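Biologist: Could you take me through how to read a few features of a model, one after another? I would like the general idea each time, and then the case at hand.

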Amino acid sequence: MGKNQKDIPYNNREISWMDFNYRVLEEAIDKNNPIMERVKFLSISSSNLDEFFMVRVAGIMEKIEIRSTDKDSSGLKPKQLLSALTKKIHDFYEKQYLCFHKMILPDLKKDGIEILKWKELNKDQVKFTENFFNMIIFPVLTPLAIDQSRPFPFLANKTLNIAVELDSGKDESNFGIVQVPAILPRFIKLPSKSSKSYILLEDIIIRQLPKLFEIYEIKSSCTFRITRDSDLEIDEDAEDLLMEIEKSIKKRKHGALVRLEIGNTKSETIKNFIIDILDASKKEIYISKGPLDFTFLSKFYDEINDKKLKYKDVQPVNPPVGFLNYDDIFKSISEKDKIVYHPFESFDCVIKFVKKAAEDKDVLAIKQTLYRVSGNSPII
């Protein structure tokens with residue numbers, strides 16, 4: 001090590017990652033990108049942030065929990081790092097919602113696509129949503145009243161919920177919880193003659209809350225979402241590694257709270273109820289200025305089939321002749337090393353290679369690193 005090498009400042013990994021996610025968000029802001037691609041980038045920035053909290057932020061919180069004061073390579077202690085990250089993430093939230101409300105929604109509207117609030121619906125759309133609620137949504141909802149005899153339910157990671165402040169006419173506070181069902185699409189298409197109009201699922205449910213809590217008056221309501229510690233803790237020296245991984249994955253469902261997102265509300269009562277019941281600290285709370293969880297925009301991207309609003313599909317070309325067309329792929333690579341550029345060149349040669357290896361009696365094992373494999377992966 002050189003004389004002054006230990007004094008060289010390093011970038012902190014987590015802060016650097018947030019800078020990366022800012023660049024993802026900038027793609028959603030950039031008007032040079034087609035509007036639906038910008039919608040998708042906003043979704044990706046939200047999905048990235050979820051994973052960041054579940055693993056990276058959770059790891060920092062664990063260090064604080066055990067009172068670690070060790071500095072990382074950038075010279076930051078865990079508490080200092082969490083404080084810097086919290087400020088940066090709050091700024092990121094502000095930019096996300098500014099992008100959604102001031103840029104994405106207006107530009108979607110220019111192309112005849114609207115995500116409407118309840119007050120913006122016409123009579124036909126109101127009637128449609130009421131029927132849709134009665135026939136489709138209502139049967140899959142389980143409203144829960146919270147009081148001394150009915151404790152607060154366990155809420156799974158990344159579920160979207162609605163907290164409800166109830167008035168029973170007595171001098172006591174009553175609250176309820178409604179989980180927004182994940183089995184239904186997050187956005188509902190509305191009848192419309194002039195545009196493609198949608199409303200978010202939670203907006204319909206909030207409007208119909210009196211049907212769920214009939215003996216109460218609804219005083220206020222608020223959406224909220226929790227993110228849990230989902231970092232895998234695996235003993236790699238375990239006798240049965242597969243069983244150890246299974247146990248660790250099951251524990252992820254019950255991980256500690258690392259983030260509480262609360263929808264914008266004027267009611268301090270409902271906000272304090274959510275914070276108190278989940279025992280959330282100030283550093284874990286994020287107040288949002290719009291719909292929670294922008295990851296739904298990924299499916300919204302798939303919903304809109306207008307090719308003019310998206311990038312042109314990239315058609316991969318076949319790799320050079322003498323590789324893909326070989327009957328014996330092993331013979332091909334024994335003659336000369338091959339390199340394939342994805343996604344610009346076809347992935348078929350890799351599939352063919354793995355399939356041939358799986359059938360070859362001289363191959364004892366196939367080992368790969370798989371990252372974000374699709375549901376219908378031919379490799380799997």
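Biologist: Which residues of helix 4 are buried?

Modeller: Buried means under 20% relative accessible area, exposed over 50%, and partly exposed in between, with a 1.4 Å probe and protein chains only; helices are DSSP runs of H or I with at least four residues, strands are runs of E with at least two, and both are numbered from the N terminus. In helix 4, the buried residues are Gln125, Thr129, Phe132, Phe133 and Ile137. They cover an arc of only 105° around the axis, taken from the directions from the helix axis to the C-beta atoms, which puts them on the same side of helix 4. The model is predicted, so local features need pLDDT of at least 70 and side-chain atom pairs count only at pLDDT 80 or more, while totals for chains, interfaces and linings use all residues. Residues are numbered from 1 along each chain as its sequence is written, and side-chain values use heavy atoms, with hydrogens and water left out.

Biologist: What covers the buried residues of helix 4, and which exposed residues does the face turned away from its buried side carry?

Modeller: The cover includes strand 1 (113-116), strand 5 (187-190), strand 6 (196-200), helix 5 (201-207) and helix 6 (209-212), whereas the face turned away carries the exposed residues Lys123, Asp124, Lys127 and Met135.

Biologist: Where is Asp293, and is Asp293 buried or exposed?

Modeller: Asp293 is placed in the loop between strand 9 (285-287) and helix 9 (297-303), and Asp293 is buried, with a relative accessible area of 13%. Contact means heavy atoms within 4.5 Å; leaving aside neighbours within four places in sequence, Asp293 is in contact with Ser46, Asp50, Arg186 and Arg225. A polar contact is a pair of N or O atoms within 3.5 Å, where, within protein, one must be able to donate a hydrogen and the other to accept it, and residues adjacent in sequence count only if both atoms are side-chain atoms. Such a contact, of 2.5 Å, joins the side chains of Asp293 and Thr295.

Biologist: How many aromatic pairs are there?

Modeller: A pair of aromatic rings is described by the distance of the centres and the angle of the planes. Rings of Phe, Tyr and Trp (its six-membered ring) pair if their centres lie within 6.5 Å, with planes under 30 degrees apart counted as stacked, over 60 as edge-to-face and the rest as tilted. By this rule the count comes to 16 aromatic pairs. One of them, Trp17 with Phe52, is stacked, at 4.4 Å centre to centre and 5° between the planes.
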